[in-house]
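Welcome! Here is a short briefing to read alongside the structure.

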Amino acid sequence: MCVRVLALIPLHPTPSNLPTLPPSHDPIPFTARIAAVIPYYAFHGVDRFYDISGLMLNTALFRRTVDILVDRYKGQAIDKIGGFDARGFVLGTPLALALDVPFFMLRKQSKLPNSVTGASYSKEYKGDDAQGGDALCISRTAITPGDRV
């Protein structure tokens, strides 16, 4: 199956790869308000964790974040939006609604029934295979050949 991926939202956001507002319109840098950086996330031993809880509690900031994503992707003939577990669900769903396209979930292996699993990947903490690896899966009906995702 061939699927064309148009763009990916960074998995590990940094100030250099997140959208910003012009400084004259935003006294506090927008990217600094999107996610609080927690220096040490003890659960997985990750050196920093980007907590988006504050984003979801601030409706104006959440709306502005979605608006920035909509502006970035509107007019690109996107057929569907795929969101990675779990932040991708939070941001991908309102983006898909605003673009009037379907949304599908990319979940960890064995989390979706009737799914297809992709190749294994590694991350900075131990995954399901206890070696730092995991695999993502999607519903068998989520995409069709030629979809622009």
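Ala86 sits in the loop between strand 3 and helix 4, where helices (H or I, at least four residues) and strands (E, at least two) are DSSP runs numbered from the N terminus. The peptide bond leading from Asp85 into Ala86 is cis, and its omega is near -5°. The model is predicted: local features need pLDDT of at least 70, side-chain atom pairs count only at pLDDT 80 or more, and totals for chains, interfaces and linings use all residues. Residues are numbered from 1 along each chain as its sequence is written, and side-chain values use heavy atoms, with hydrogens and water left out.

**Around helix 4**

- At Asp100, phi is positive, about 60°, although this residue is not a glycine.
- Asp100 belongs to the loop between helix 4 and strand 4.
- Helix 4 lies across strand 3 and strand 4, and runs at about 165° to strand 3 (axes are lines fitted to C-alpha atoms, for helices over the stretch in contact, and angles run from 0 to 180 degrees between N-to-C directions).

**Helix 3 meets helix 4**

- The axes of helix 3 (residues 59-73) and helix 4 (residues 87-99) come within 9 Å and cross at roughly 55°.
- That makes helix 3 oblique to helix 4 (under 35 degrees counts as roughly parallel, over 145 as roughly antiparallel, 65 to 115 as roughly perpendicular and the rest as oblique).
- Contact (heavy atoms within 4.5 Å) is made by residues including Phe62, Leu69 and Tyr73 of helix 3, and Val90, Pro94 and Leu99 of helix 4.
- By class, this contact has 11 nonpolar, one polar and no charged residues (Ala, Val, Leu, Ile, Met, Phe, Trp, Tyr, Cys and Pro count as nonpolar, Asp, Glu, Lys and Arg as charged, and the others, Gly among them, as polar).

- Four strands form an open sheet in the order 3-4-6-5, with mixed pairing (two strands pair if DSSP finds at least two bridges between them).
- Its edge strands, strand 3 (81-84) and strand 5 (115-122), each pair on one side only.
- From one strand to the next, the twist averages 30°.
- Strand 3 pairs with strand 4 (residues 103-108) in the parallel sense over four bridges, and Gly83 stands opposite Met105 in strand 4.

**Confidence**

- The protein's average pLDDT (the predictor's confidence in each residue, from 0 to 100) is 77, and 68% of the residues score at least 70.
- Among the elements, helix 4 has the highest mean pLDDT (95) and helix 1 (residues 30-34) the lowest (69).
- Over residues 1-24, pLDDT stays under 50.
- Where pLDDT is low, the predicted coordinates should not be read in detail.
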